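Hi,

Here is the structure I promised to pass on. Have a look at it first, and my notes follow below.

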Amino acid sequence: MSLAVATACAALIAPAQAQESEQAGVAPAPSNSGEVATVVVTGLRASLGSSMNLKRNADGIVDGIVAADIGKFPDTNLAESLQRISGVSIDRSIGEGSKITVRGVGPDFNLVLLNGRQMPTSNLGDLNGRAFDFANLASEAISQIQVYKTGRAETPTGGIGATVNVMTARPLDRPGMLASVGVKAVHDTSHNNLPGDVKQGSATTPEISGIYSNTFDDNRFGVALSASYQERNLGFNQASVANGWRGPFLGNAGPLPQTGATNRPKDGDIYSLPQNLNYNMNGVQRQRTNGQLTLQWAPVKELTTTLDYTYSENKIQTRRQDLSAWFNFGPSTSTWSNGPVAAPLVYTELLPAANSDIAMGGADFATKTQNQSLGFNAAWKTDGLKLELDVHKSSAESKADSPFGSSNVLGTASFSRGDTTVDFRDDFPVLSIQGADFTRAPQQVTGSVFQNGYMKGEIEQAQFKGSLKLLQASNLNFGVGAIEVKNRSAMSTQQRDSWGGASTASDYPASLFHRESLRQYYDQIKGSGNPALFNQFYTFNFAELRALTAKVTGLPDMYMPKSTFDTDQRTEEKSKSAYVQFGTDWDTAIPMHTNIGVRYEKTDVMSTALVPAATGISWVSANEFPLSFGAPTFTTLNGKYQHWLPSVDWDADIRPDMKLRASYGETIGRPRYDQIQGGTTLDRLARDFGGTGSQGNPQLKPVKSKNLDLSWEWYYGQQSFASIGLFHKDLSNYAGQSKITATPFNLHTPVGGALWERSCPARQLQHRPCLHPQLHLPQPPDRRRRSARPGRCQRQCHRYHRRPAGRSGHVVRDQLFRQPEERKAERRRGQCAAYVRQFRLRTFGKLYLGRFGPEVRQLQDRRAVSRWSA
């Protein structure tokens, strides 16, 4: 893969005027007219000049932002500041800058340093990524940001797009006492556009910050302390196909019926069908706390020591209510756009019985991310030689901050949904539902999910580097380093797949549910005024309804997150590095400067994963197959790699105010943590077309990029410049995903088996079953089973179930399906492949797959039933 892009930027600032006393400090005119007046420019103009000089004097392509004054960075969010730099774009989360993309290279391949030290990453929103979340850091204590767009031997590896160095204030850099206090108020109007059960706090929130810096003992000792606290309450509403699209399929294949479709996709076209349509309203509260303490001591002129500690905490509380309709891909009518990639304009699923679910869910969860860094630096400098030792230990930890976990959903539904249509022809997707009757089918609790996520990154790093001046115009930079990076990501899921109803509707008083109209929360989007929109939905107090459900079901543990993790994946990377870099000035007709270097990196990877073993598949509805898991086990895998990374920088002063640059360098970006984690992780919910999962590979090599940069720069003013740049990146070893079809843990699916075909003729259920259509089937009119007893299913339902089957049926027998040669092998092992056993239904149960094929077994929820043994 290669990237080639030209960029241009300009900074236009008028010459400083003495009258602008707000931004510039002007010395008073001397009484002696023979003396030259001195104008000292500070504040914004000084910061622009410093940023420009950082770019002008650097080797390679470097951009930067320098604070206008102590505690005065351009934006309160660092990512928002970084997007001011050409080639940098940002990702936003809850309306704030979070991650950066540089020159088209995504967040995982941009390295973030704090005072030259690599920072760990942690984000429950991206549980296994390497991207640094800038939302965790406030800007008040930041003095400057340096963005290295080209690779250099002395720059740590990991930044293919760019290496970003965040520099904090140092007291000895600005002697004397400096102090700043800031108080702000933020009013967020998005907070007001939310349902009452989602809205949290006030729309107006405070931001407080302060910084103090002072030096003592003739500027040999310094201390700097900064702190900030910010609150924000906001809301956002989304309308989307939240759970993705089923497909793609060729036009002559897939679940789309051959009839009932207008402009049906042609045989050579591809199409997909929506899994669902979801409207969700989200209320978010955020509290961000930052603090830093820096101590500096210079006992002698040549030696400066620095000890610093940085802390940040970002807390986020989220409440959500949603309305959705799930599609089962049965009989339908539809209208399609033209191919070759056909999209549904209108899609209607036909449900004449009007007994499907109108799903409405709620959530109430919170997360907390903490970053801590303790570092020590000693710099010794004499004429011609500079040596520096830097060590630090840093951590980033994200976890749940609520008794309800880091993510959850409590589902409710009214089983009165008839024909369901989604109209994609306007900006706003319009959901229409026929037959909805909340009196006939009151709202009741259905399924639920409670998750606990955890991620922690730890880094221990030591660097020793030096710079030796050779002759008058040359210098030799060298260094060695060692770093250990640990990452742990863990997850537990407590899921109750009672999507047909956790108990009965009569268990939930109507007063628990609060009627709302949907349209008002999307009235700024074109199409939301469509009269066909299903405009009614119900919200609820999550904590109140959760407590009641736990009580009426008698299963309180199912409505709380687990205390242990189901999946626990850990990686450890140990890297050693060394570099040498030689730079020299050339006294030629056109003054030139060159810098040539090489860096060596060796990395050992160890990946350990605690992964639960899947033991079976439950069949809980026509298109839902949750997996069952047994005891987890640890597995460990290893990998290693090494690289030599050369770099060459050249620049020439073609005029005193004009510079031409060229750079070549090779950089690497390490794979995401989930790409190198061992163990097979299966997603908990499979569909009738199969399940999904993932497995990493610790032996993956990092992405390697060969980078070429050209730049022309014109510095036509003290704070003004214009530049045009061209870059080309050639990326290799880019980690991708391979899709394989397998049977992990020897799991099998009932889809396509004899029982599936009998229970779902033409993939449509013709009657409503008492428990599952897969267990109770109507007696075929043209066949009689000697084992079937008339009325047996109905009698069992009256005795053990809350509602009867509605018609007489029979209990399906379980059979083992094997090829003749497989049966012979099983007989030799003492297993009877043709063994048939009939079971009884005692309580509400769930179906799961056996190890011998697509047969169905019955297990009991609360007490043991005789297990299958063939």
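In which loop does A354 lie? A354 sits in the loop between β21 (344-349) and β22, and A354 has a positive phi of about 50° although it is not a glycine. A354 is also buried, as its relative accessible area is 14% (buried means under 20% relative accessible area, exposed over 50%, and partly exposed in between, with a 1.4 Å probe and protein chains only).

Some ground rules before the rest. This is a predicted model, in which local features need pLDDT of at least 70 and side-chain atom pairs count only at pLDDT 80 or more, while totals for chains, interfaces and linings use all residues. Residues are numbered from 1 along each chain as its sequence is written, and side-chain values use heavy atoms, with hydrogens and water left out.

On confidence: pLDDT is the predictor's confidence in each residue, from 0 to 100. The protein chain has a mean pLDDT of 80, with 79% of its residues at 70 or more. Over residues 4-34 pLDDT stays under 50, and the model has 44 contacts beyond four places in sequence for that stretch. Residues 36-41 also stay under 50, with six such contacts. A contact means heavy atoms within 4.5 Å.

As for the overall make-up, the protein chain has seven helices and 43 strands. Of its 870 residues, 50% are buried. If you take the contacts between residues at least 6 apart in sequence, 73% of them join residues at least 24 apart.

α3 covers residues 542-553, and its 12 residues should span 16 Å at 1.5 Å a residue; the end C-alpha atoms are 16 Å apart, which agrees. (The expected span is 1.5 Å times one less than the number of residues.) The buried residues of α3 are F542, L545, R546, T549, A550 and T553. They cover an arc of only 135° around the axis, which puts them on the same side of α3; the arc is that of the directions from the helix axis to the C-beta atoms. What covers them includes β22 (356-382), β24 (407-417), β27 (444-470), β28 (474-496), β29 (513-517) and β30 (536-540).

Both ends of α3 are worth a click. At its start, a side-chain oxygen of N541 comes to within 3.2 Å of the backbone nitrogen of A543. Just after α3, G554 has a positive phi of about 70°.

Next, the sheets. There is an open sheet of five strands, in the order β15-β19-β21-β25-β26, with mixed pairing. β15 (261-262) and β26 (430-433) are at the edges with a single partner strand each, so one side of each has no neighbour in the sheet. Two strands count as paired if DSSP finds at least two bridges between them. β25 (residues 420-423) pairs with β26 in the antiparallel sense over four bridges, and V422 is opposite L431 in β26.

Further along, β38 (residues 703-717) and β39 (residues 720-732) pair in the antiparallel sense over 12 bridges. A hairpin through two residues joins β38 to β39. Within this pair, E713 is opposite S723 in β39.

N165 lies in strand β10 (residues 163-168) and counts as buried at 8% relative accessibility. A polar atom of the N165 side chain is 2.8 Å from the backbone nitrogen of G116. Beyond its neighbours within four places in sequence, N165 is in contact with L113, L114, N115, G116, Q144, I145, Q146 and Y148.

Finally, some backbone details to check:

- The peptide bond from G247 to P248 is cis, with omega near 5°, and P248 is in strand β14 (residues 245-250).
- The peptide bond from G339 to P340 is cis too, with omega near 10°; P340 is in the loop between β19 (332-336) and β20 (341-342).
- D218 has a positive phi of about 55° although it is not a glycine. D218 lies in the loop between β12 (204-216) and β13 (221-240) and is exposed, with a relative accessible area of 72%.

Cheers

How values were computed:
Polar contact = N/O pair within 3.5 Å; in protein donor to acceptor, adjacent residues only side chain to side chain.
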